[in-house]
Amino acid sequence: MGGPRGQFPSTQLSLLEAASSGDTLPNEALERVSALYWKPVYRFIRVKFRKSNEDAKDLTQTFFAAALQRDLFARFDPAKASFRTYLRMAVERFAANQHAARNRQKRGGNLEFEPVEEWAATAESPEQAFEREWQRQLFALALGDLRAHCEGSGKQLQFEIFEAYDLSSGDRPSYAALAARHGVAETSVTNYLAWARRMLRELVTERLRGVTAGERDLRDEIRRLWT
Amino acid sequence: MDLNDAVIDHLRQVAALPDLTGTRYELESEIGRGGMGVVYAARDRQLDRRVALKVLDSALAGEAQLIAHLEHPAIVPIYETGVLPDGRAFYAMKLVAGARLDQHLAGAPSLGERLRVLRRVGEALAFAHARGVIHRDIKPQNVMVGEFGEVYLMDWGVEAVAGTPAFRAPDDRLSQLSDVYGLGALLRFMLPASAPPALRAIADKAMRADPAVRYPDAPRLLADIERFQEGLAVEAWSEPLWHRLRRFASRNAVLLWLLAAYAGVKFLLFFLRNL
Amino acid sequence: MNKILAGLLFGLILGAIDGATAWFYPETHSMIGGILVGSSIKGMLVGLLSGWFAHKVQSTKWGIALGATLGLLFAFLVALMQHEHYLAIMMPGFVTGAIIGFLTQRTGAPSLAAKREA
């Protein structure tokens, strides 16, 4: 992300702004999109098309390498859907085409047994899996930004406390326990958490800005995310 | 970093908490989500009291403008409006300590108490309607009963988005009659299974599909309920004869008993004399 | 109309009716006129006093109690004059008085003070 370590990440350009020169996106924008969307696309392909791990990886790689370079973004109409939805539908088209092409080759040949993974058979729909993974990746990236920012500006303590509380997957420690563990006052714990959460929110917003079409898309995605 | 779903959900909740630096408020916790935004409990540092902060997620004019000039015991007073550092609009209003209507009903209140709560809601509606304000989203989740028994009708002017369709009027254009429908739906919701048919009929009349045959306004509905409470005939229900007689008898019980005593005494004396 | 007037009217009508029921006792037919008048006067007295009370005090309970007591009292006096038929006169008189007391409480216009007290 832009800016040297420790500096607050520079404001991202939206996709529309990045593509202002033409219909193709510059590399930087593409990198941002794939950083966020790789895992969600992979998961989507696995769940929807029941692909094996290897096949899904191949397809995802192909998608990002090929489809993204071409006129993918040119056909995007911000008024109709969010970029996230548009991308997902593009993946569907792409994978369906690939699937059809492969079946044409295989006709008359031996049928391939496709193992159905346990988690692919859950109640979650492919669309939900896509969105869930997308949220996960978004937060993962923003948390990485937060960690880098804290390390660069001497706020490691804040990050540690935030990690211990907000990122814990089991029982959360009490504020008092955290205060004792790190040798600070309990009010400091409250303040640090508030600061870290505020920071995280801003970083998430910045990451979102780099992968949404424009102001309206960004606002819609923000509203969807936080409710 | 491998984040599981629970952590993601937690982060979504806490990172959404509004930044109140620069305001006089100190955030405490999220209370709930309304139609247009999220409501938090906060503390007003200057006046040292707790308030409710509604943070709007869109810049459109919220209910604050709508109801700030309405002063009524059942309408939550607005203290302040403003803009947060992150650009979102908010307003501060009275923090109601009490229970939502569905929770209040879980305590099995008497019929009289239920009708009292409904009357308060109806009075607020009548007041607002007289000043051209429509609520649009009457449902039990929007009614609070405070710790002193006071009743509040909340979340004004938000068109009923998702949520229980049972309380939404089937009207094309929302008007005061849609609110009458909502009031009837509320009444029906609040009536116990053993409620008298007159009250059910009142609710039904308010909830007719055709707005023209409902009660024309909230005061008429309340008047019908009052008639019921006084033992009079109700506009919404044409009662069978025996019910009418029963009602007459209960209203004039004392006199009827006295007359019966007189007749009884007379008959007794008559027969005793003939023994 | 005020309560005193209402009391007089109720007392007159109810007293007359009560007196008229004596017709069921054939032996009284010769005196039925006197009985009617006496009963009416008895009723009017009860009504007057009940009405005056209702004018001052708004209380259905006490209105009935006073009317019943007065009815009983005056009926007793009448029965005393006859030296007989105590029960036949006093019991209906008691209930009639109660009815008069109730009606004066429920109808007519009370005084301002009584309204305030109620």
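User: Which residue stands opposite M144(B) in β8(B)?

Analyst: Y152(B) stands opposite M144(B) in β8(B). This is a predicted model: local features need pLDDT of at least 70, side-chain atom pairs count only at pLDDT 80 or more, and totals for chains, interfaces and linings use all residues. Residues are numbered from 1 along each chain as its sequence is written, while chains are lettered from A and ligands numbered from 1 in the order in which they are written.

User: What makes β7(B) and β8(B) a pair?

Analyst: Strands pair if DSSP finds at least two bridges between them. Strand β7 (residues 143-146) of chain B and β8(B) have three, in the antiparallel sense.

User: Which strand does β2(B) join through eight bridges?

Analyst: Strand β3 (residues 49-56) of chain B, running antiparallel to β2(B). Y40(B) has L53(B) as its bridge partner in β3(B). G37(B) has L56(B) as its partner there. Four residues lie between the strands of this hairpin, in which D48(B) takes a positive phi near 50 degrees.

User: How many bridges join β3(B) to β5(B)?

Analyst: Five, and strand β5 (residues 89-94) of chain B runs antiparallel to β3(B). L53(B) stands opposite A92(B) in β5(B).

User: What makes up the contact between chain A and chain B?

Analyst: Chain B gives 17 residues and chain A gives 18. Residues are in contact if their C-beta atoms, placed from the backbone, lie within 7 Å. Helix α1 (residues 5-15) of chain B gives the most to the side of chain B that touches chain A, with nine residues. Helices are DSSP runs (H or I) of at least four residues, strands (E) of at least two, numbered from the N terminus.

User: What classes does the side of chain B that touches chain A have?

Analyst: It has 10 nonpolar, two polar and five charged residues. Ala, Val, Leu, Ile, Met, Phe, Trp, Tyr, Cys and Pro count as nonpolar, Asp, Glu, Lys and Arg as charged, and the others, Gly among them, as polar.

User: How many residues does the contact of chain B with chain C take?

Analyst: Nine from chain B and 11 from chain C. The side of chain B that touches chain C divides into eight nonpolar, no polar and one charged.

User: At what angle do α1(C) and α2(C) pack?

Analyst: Helix α1 (residues 3-20) of chain C packs against helix α2 (residues 32-56) of chain C at about 150 degrees, with the axes 6 Å apart. That makes α1(C) roughly antiparallel to α2(C), since angles over 145 degrees count as such. α1(C) passes α2(C) in a right-handed crossing, meaning the near helix is turned clockwise from the far one by less than a right angle. The contact has 16 nonpolar, 12 polar and three charged residues.

User: Is W23(C) buried or exposed, and what makes it so?

Analyst: W23(C) has 12 other C-beta atoms within 10 Å. Exposed means 12 or fewer, buried 20 or more, partly exposed in between. So W23(C) is exposed. It lies in the loop between α1 and α2 of chain C. The C-alpha atoms of W23(C) and I35(C), 12 residues apart along the chain, are separated by 9.7 Å.

User: What is known of burial in chain A?

Analyst: Of its 227 residues, 33% count as buried. Chain A has nine helices and zero strands. Of its contacts with a separation of 6 or more, 69% come from residues 24 or more positions apart.

Key. Two residues are in contact if their C-beta atoms, placed from the backbone, lie within 7 Å. Axes are lines fitted to C-alpha atoms, for helices over the stretch in contact, and angles run from 0 to 180 degrees between N-to-C directions. Angles under 35 degrees count as roughly parallel, over 145 as roughly antiparallel, 65 to 115 as roughly perpendicular and the rest as oblique.
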